[in-house]
Amino acid sequence: MEPLDFDLVVIGAGSGGVAASRRAAALGARVALCEAGRVGGTCVLRGCVPKKLLVYGSHFRDDLDDAAGFGWQIDGARLDWPTLIAAKDREINRLNGVYLSMLRDSGVQLFNGWARLLDRHTVEVVADGKSQRLRGRYLLVATGSSPHKPEIPGAELGITSDEALSLRSLPARVIIVGGGYIGVEFAGIFSRAGAHVTQVVRCDAVLRGFDEELRQAYGTELAKRGITLRTGEQVAAVERSADASHLHLVLGSGERIASDVVLFATGRRPNTLGLGLAEAGVALRGPSEHGAIVVSEESRTAVDNIFAIGDCTDRLNLTPVAIAEGRAVAATLFGGQPSRVDHRNVATAVFGAPPLACVGLTEEQARQGGHTIDVYATRFRPMKHTLSGRDTQTLIKLIVDRPSGRVLGCHMIGADAPEIMQALAIAITCGATKAQFDATIALHPTAAEEFVLLRPPRTVAT
Ligand SMILES: Cc1cc2nc3c(=O)[nH]c(=O)nc-3n(C[C@H](O)[C@H](O)[C@H](O)COP(=O)(O)OP(=O)(O)OC[C@H]3O[C@@H](n4cnc5c(N)ncnc54)[C@H](O)[C@@H]3O)c2cc1C
């Protein structure tokens with residue numbers, strides 16, 4: 001059978017693939033979009049959205065506790081976990097429908113099935129044993145990433161974030177292996193929901209890659225919440241108890257920790273295997289970098305008509321970045337406008353308990369980058385908790401380039417940090433200086449006002 005002809009064939013209908021397809025179709029291209037699962041990808045089905053709904057759902061625990069200090073008497077409140085999961089599933093199904101109708105309206109032709117490259121212009125999509133061939137002037141790989149478990153005995157007894165989002169009942173005890181943002185977010189969800197959480201990490205603190213001072217402060221906040229943080233630990237095995245009623249996580253030291261669920265939040269791997277990429281000439285990074293697709297700043301692979309975006313390129317694995325990369329490829333190919341995404345100053349958040357957010361450089365990155373910096377920081381008890389009695393501290397920190405006065409980084413732990421950081425990211429993208437922060441009149445009483453009231457520098461740094 002002759003292949004169907006398109007200007008662009010996209011593999012993967014997640015955040016990046018859908019954005020690229022719709023933008024390319026809007027620019028007049030004939031677009032085919034192949035998806036092996038449900039449209040929406042990780043963010044909608046197994047990532048940002050379901051996670052944030054569970055964050056909201058579990059956060060009521062804090063609100064209920066805090067309300068007592070303001071005179072509210074709320075007795076007998078309890079979370080019905082299956083109701084929360086069912087409500088979350090309904091919303092995910094609704095969003096999946098929205099995505100499908102958006103694609104229909106945009107004229108993108110959707111092909112359900114597993115896709116792989118046959119050559120640099122041809123994609124084969126297989127569903128229910130039937131195969132179709134699509135020929136594209138350009139191909140775009142947007143296959144995302146998948147959770148990875150460590151190669152230890154019994155790893156199959158543990159779950160990943162995929163299953164953690166849909167547990168049918170709330171476990172009494174959860175062990176989370178891994179201290180990245182996904183592990184920290186699930187620690188917040190499960191502990192607020194009422195489970196006892198133990199978080200086991202290899203490093204000496206959670207959230208590797210974030211500002212060191214915030215990492216240390218975050219460990220203190222986890223402890224205040226009753227989350228047991230075990231740092232500097234290796235995991236050796238997962239075993240089922242003799243009566244099969246629970247699991248044990250076996251540490252490198254031989255210590256065994258009992259739990260009902262072991263959740264591996266131990267990183268993700270780009271989905272690049274079995275796609276015929278290397279055979280078509282697309283260069284992949286080595287095994288130590290998990291075979292991510294090598295791309296130029298314009299997201300072009302080693303084959304000049306094949307592009308790749310999002311998690312499968314392992315650049316900055318965030319939904320808005322995948323979307324921006326997808327739209328940039330569409331603009332480059334069909335908008336007559338060579339485009340690339342600036343990966344600097346992308347705001348990012350950890351929706352944990354408490355939340356953490358930042359934009360720009362950490363103190364360590366600024367120093368390593370050769371900047372002469374001043375550091376401004378403050379810690380305080382949020383006004384709300386003077387009455388609620390909750391033991392928590394907000395931390396706000398600015399990294400400033402001393403010669404130019406430019407603010408290089410903003411960091412915060414505390415309520416609403418992600419919302420505040422999105423707005424600050426505009427200032428940072430515009431190259432705002434500390435003097436401009438200082439010239440901004442505070443919005444009182446807020447926590448965010450501290451960002452414009454920070455003086456003098458806490459440290460005079462080199
Ligand atoms: C638990 C969790 C929480 C997260 N929270 C956040 C957050 O708060 N904020 C944020 O910005 N990011 C968050 N992320 C990251 C974000 O979800 C990803 O960066 C983003 O979804 C990547 O988009 P993508 O288009 O590259 O891939 P995906 O969205 O993963 O889409 C890839 C698609 O390709 C399909 N596919 C793969 N192989 C094939 C094939 N051979 N044929 C056909 N189809 C194929 C897959 O089925 C999938 O639908 C989170 C991720 C997780 C796991």
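1. Lys130 is exposed in this predicted model, because there are 8 other C-beta atoms within 10 Å of its own, and a residue counts as exposed at 12 or fewer. Lys130 belongs to strand E6, which covers residues 130-141. Between Lys130 and Gly71 there are 59 residues in sequence and 64 Å in space, taken from C-alpha to C-alpha.

2. The largest nonpolar core comprises 69 residues. Within this core, the residues with the most contacts are Leu263, Cys410, Met412 and Met421. Helix H6 (residues 181-193) is the element that gives the most to the core, contributing eight residues. The core lies between domain 2 (155-266) and domain 3 (354-460), because both of them give residues to it.

3. Met421 deserves a separate remark. With neighbours within four places in sequence left aside, Met421 is in contact with Ala347, Ala349, Ala357, Cys358, Val359, Cys410 and Met412. Another core, of 58 residues, lies apart from the largest one; Leu45, Leu134, Leu318 and Val329 are among its members.

4. The packing of two helices may also be noted. Helix H1 (residues 15-26) packs against helix H4 (residues 81-106) at an angle of about 25 degrees, and their axes are 9 Å apart. Angles under 35 degrees count as roughly parallel, and H1 and H4 are therefore roughly parallel to each other. Their crossing is left-handed. On the side of H1, the contact is made by Val18, Arg22, Ala25 and Ala26; on the side of H4, by Tyr99, Met102, Leu103 and Ser106.

Technical notes
Residues are numbered from 1 along each chain as its sequence is written. This is a predicted model: local features need pLDDT of at least 70, side-chain atom pairs count only at pLDDT 80 or more; totals for chains, interfaces and linings use all residues. A nonpolar core is a set of buried Ala, Val, Leu, Ile, Met, Phe, Trp, Tyr and Cys residues joined through C-beta atoms within 7 Å. A residue is buried if 20 or more other C-beta atoms lie within 10 Å of its own, exposed if 12 or fewer, and partly exposed in between; C-beta atoms are placed from the backbone. Helices (H or I, at least four residues) and strands (E, at least two) are DSSP runs, numbered from the N terminus. Domain bounds come from an automatic or database domain assignment. Two residues are in contact if their C-beta atoms, placed from the backbone, lie within 7 Å. Axes are lines fitted to C-alpha atoms, for helices over the stretch in contact, and angles run from 0 to 180 degrees between N-to-C directions. Angles under 35 degrees count as roughly parallel, over 145 as roughly antiparallel, 65 to 115 as roughly perpendicular and the rest as oblique. A crossing is left-handed if the near helix is turned anticlockwise from the far one by less than a right angle, and right-handed if clockwise.
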